[in-house]
Amino acid sequence: LIKRRLDYQQPDFSIRSTFLTFDLSPSKTVVTSCLHIKKENINATQLKLDGENLLLLSVSVNGRSLGEYEYQFDEYSLSLNIDEENVELEITTQIDPQSNTSLEGLYYTQSTYCTQCEAEGFRKISYYLDRPDVLSVFTVTIRSKCETDKFLLSNGNLVKRYQDGDTAIAVWHDPHPKPSYLFALVAGDFDLLTDSYSTLSGRQINLELYLEKGRLKQGQHALDSLKKAMRWDEETYGLEYDLAVYMVVAVDFFNMGAMENKGLNVFNSKFVLADPQTATDEDYFNIESIIAHEYFHNWTGNRVTCRDWFQLSLKEGLTVFRDQQFSADMSSYLSTRIAQVKVIREHQFVEDAGPMSHPIRPDEVMEMNNFYTVTVYDKGAEVIRMLHTLLTKEGFRKGMDLYFARHDGQAVTCDDFVDAMASANNVDLRHFQLWYSQSGTPLIKVRKVGSENKGKSTTFEFTQINAATPDQANKKPLFVPISTKFLDESGQEIKVSSLNNGNIIVDRDKVSVTVESENVTPVLLDNFSAPIIVEYDYAIDELLHIIQYADSSYAKWDASQGLFIKCIQTCYLEDFDSLTQRETKAVLAKYANVLKSNSIESDVLAQLLSVPSFEAARVGLESIDPIRFDAAIQAVQQAFADELGEYALLRCQDFIQSEYEYSTEQVNARAIYAAWLKLASLSEQGKNAALVTLRKRYANADNMSDKLNCLKVAQATNIAVFDELMLKFESEYTHDAVIMDKWFSLHATARRSDILSRLDLLKAHSQFNQRNPNKVRALLGSFAFYNLSGFHQKDGLGYKYVADYLLQLDKINPQVASRIITPLLQFKQYDASYKAHMKHQLERIFNSKELSKDLFEKTSKALASD
Ligand code: ARG
Ligand code: ZN
């Protein structure tokens with residue numbers, strides 16, 4: 001059942017060309033596949049093709065139809081003997097797109113055919129060498145007798161489109177050899193938004209956006225984003241698009257965000273559709289970044305692809321890094337960086353601390369779909385970012401150029417990528433490369449070891465600790481760049497010559513640095529220069545010093561988080577007595593004064609006003625009582641609001657509403673307003689006036705961002721007002737499935753004692769549909785991930801609720817079920833009684849009949865880790 005990275009073997013056969021013909025019909029689609037097979041290993045005799053859920057109709061070799069005794073097949077494969085070096089193999093199969101609820105392979109929903117083949121979905125369409133290192137030139141013929149199949153789309157260029165009696169036919173040819181996971185087919189009726197783009201070298205590209213009927217005007221932002229991404233990649237990396245047409249299709253039923261199929265991206269409609277009335281600032285941001293991500297895959301992913309799925313980070317880590325660079329250039333470096341760091345701290349560290357811990361290049365996989373993770377994607381991007389830091393922008397670009405010069409058209413490994421970076425820059429990256437094979441989060445403890453030289457200098461000691469993880473017992477010290485600054489008493493930066501480009505390189509168990517000054521405040525891990533945890537026992541005054549004087553806004557934010565976390569952990573650990581409360585109040589009062597007296601940059605202000613989440617605040621603590629910890633967060637949030645309440649109310653009045661525009665300035669202004677409004681509405685002094693403002697604001701809001709901000713503030717501060725506004729929202733948007741996801745998710749995360757019966761009602765809502773992954777994620781996913789008090793009920797009923805649902809969902813869509821189980825997998829991090837309840841639910845799932853591979857892998861690893 002387990003596949004291992006080190007077992008890789010080159011394929012014995014290649015597929016020179018692939019001719020596919022689809023005769024579409026919702027429940028009986030016939031797929032004819034004609035493959036030119038070449039034997040690459042002369043000793044090989046047997047060709048074994050992957051296939052799943054296929055009804056085999058016929059097999060022929062070089063025009064001769066095979067008898068049943070001339071091939072073998074089972075649930076997962078078709079095998080036959082091949083004697084010649086070159087053969088034409090023709091296989092006909094029948095599939096049932098309409099009953100395909102897994103949304104993998106070819107599926108049919110809402111009168112639309114759609115495919116998702118990555119990672120191993122092509123085998124649900126036809127028998128094939130369904131592995132990324134088999135590259136083939138595809139020609140695809142799509143035939144449909146159904147009039148609503150107005151558009152028949154596949155990869156590459158349209159060769160011809162014609163009518164044969166009652167059958168509509170389209171033929172597509174993609175000249176670029178590609179693995180099967182990049183194949184795509186879409187058929188249905190859409191509204192089409194078109195544009196054209198001219199590349200720096202002067203070629204014209206047709207851009208085509210396929211949208212649900214009636215949603216044409218919601219496509220403009222995605223289209224604009226695409227053009228920006230195309231220009232950016234030309235200017236930043238010298239990479240141009242390589243086909244005459246670029247198509248993007250938006251669909252409502254999709255397992256993930258989007259997919260980079262060659263020339264024919266398929267998107268979750270949530271990451272395409274936007275206009276001011278329906279999309280928030282966050283939606284605008286995500287659309288721009290995901291459109292860019294899929295576009296950037298055309299080079300990092302498609303032109304150079306992965307040799308095997310263990311190498312997934314080769315394309316994903318690199319492409320995420322590229323889309324992060326792009327977003328920083330399009331909006332603000334700081335807010336994009338903070339958002340990325342939150343993903344690592346709140347999700348990736350948690351994954352690394354749990355039973356699914358794996359290196360960015362995993363060694364063992366049962367179900368590949370389980371490895372599209374924050375580790376492979378986001379930690380993978382952080383590893384690329386460290387290379388970028390160490391080699392500099394110019395050195396990184398040289399490495400990219402060499403990577404493409406060497407590997408264009410190939411399927412390669414992460415080692416090949418690092419080799420290109422090393423050769424282009426003439427550096428040795430062998431120690432650095434350990435980031436690819438070692439899992440877990442390095443902990444760096446920093447200590448002031450004393451002062452020397454009659455107190456004129458201070459030495460700091462950095463100790464690197466790599467604890468064992470369930471998948472790996474023995475760890476080695478990694479090569480860790482820690483961007484560090486030292487501030488003196490007046491807030492001036494002290495120059496330290498031993499630093500490497502501003503970084504302390506911790507590449508051993510212990511490294512020391514001496515600063516020629518006394519009374520130094522270290523600013524550690526600026527810009528999050530490595531995906532690690534740094535532990536340093538800051539005094540509150542040192543944190544305030546950083547917030548006041550650091551010239552890096554990132555450092556200010558990080559120090560503010562440290563300050564809140566210190567308060568929260570003290571409240572949690574020290575029994576909430578009056579002393580802790582008084583101390584906390586005093587700290588927050590000082591902090592509030594800093595916020596009032598300093599002119600804080602507008603791109604960081606909203607962030608400085610926000611108390612950290614549960615996952616961020618619990619860093620360093622084990623066996624957590626989640627309810628008690630949640631109460632500690634609430635207490636700190638309340639004390640902070642009371643400290644700033646009146647002032648916050650005043651600040652709310654500064655806000656001038658202008659016509660909605662997605663611009664950095666307006667995005668910051670809206671976020672700051674929401675942060676002040678939340679503090680005012682929570683505070684004793686401001687709450688009544690703030691609620692009046694909130695209602696008015698909701699009523700007058702002409703855009704989705706402001707509306708949603710109001711709903712979130714109400715959800716966090718006054719449940720009666722929340723219910724009132726949610727009813728209004730429902731009656732206004734009940735017809736729009738995409739917008740209603742926001743409504744489901746707000747309900748699912750509300751703090752209320754009857755949450756489980758609410759969830760029952762919501763599941764029965766006319767817009768809920770358990771076959772639609774967006775709906776399931778909005779309701780059950782939001783609940784499990786973000787409703788602390790609802791999920792972690794003392795009697796375990798929150799866990800049971802999720803487990804019951806997952807048992808049903810697993811039969812419909814195992815990939816989605818396997819994502820939502822994540823919070824349950826973290827059971828070891830909780831206090832005994834919670835842990836026991838969670839474990840019990842994991843056992844129930846593990847022991848259930850006909851469990852998918854996806855849930856089997858996760859539950860078995862979780863239970864084995866305890
Ligand atoms: N390659 C796609 C992207 O990153 C995501 C594919 C996810 N596939 C999966 N089986 N979960 O853009
Ligand atoms: Zn990707």
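Predicted model: local features only at pLDDT ≥ 70, side-chain atom pairs only at ≥ 80, totals over all residues.
Residues are numbered from 1 along each chain as its sequence is written, and chains are lettered from A and ligands numbered from 1 in the order in which they are written.

**Ligand 1**
- Among the residues around ligand 1 are Glu-118, Met-256, His-293 and Tyr-372 (C-beta atom, placed from the backbone, within 6 Å of the ligand).
- Strand 20 (258-259) and helix 2 (281-296) each give two or more residues to this shell (helices are DSSP runs of H or I, at least four residues, and strands runs of E, at least two, numbered from the N terminus).

**Gly-491**
- Gly-491 lies in the loop between strand 27 (480-487) and strand 28 (493-494).
- Gly-491 counts as partly exposed because it has 13 C-beta neighbours inside 10 Å (20 or more other C-beta atoms within 10 Å make a residue buried, 12 or fewer exposed, and anything in between partly exposed, with C-beta atoms placed from the backbone).

**Helix 15**
- The buried residues of helix 15 are Ala-690, Thr-693, Leu-694, Arg-697 and Tyr-698.
- Seen down the helix axis, these buried residues fall within an arc of 130 degrees, so they line one face of helix 15 (the arc is that of the directions from the axis to the C-beta atoms).
- On the other side of helix 15, the exposed residues include Asn-688, Val-692 and Lys-696.
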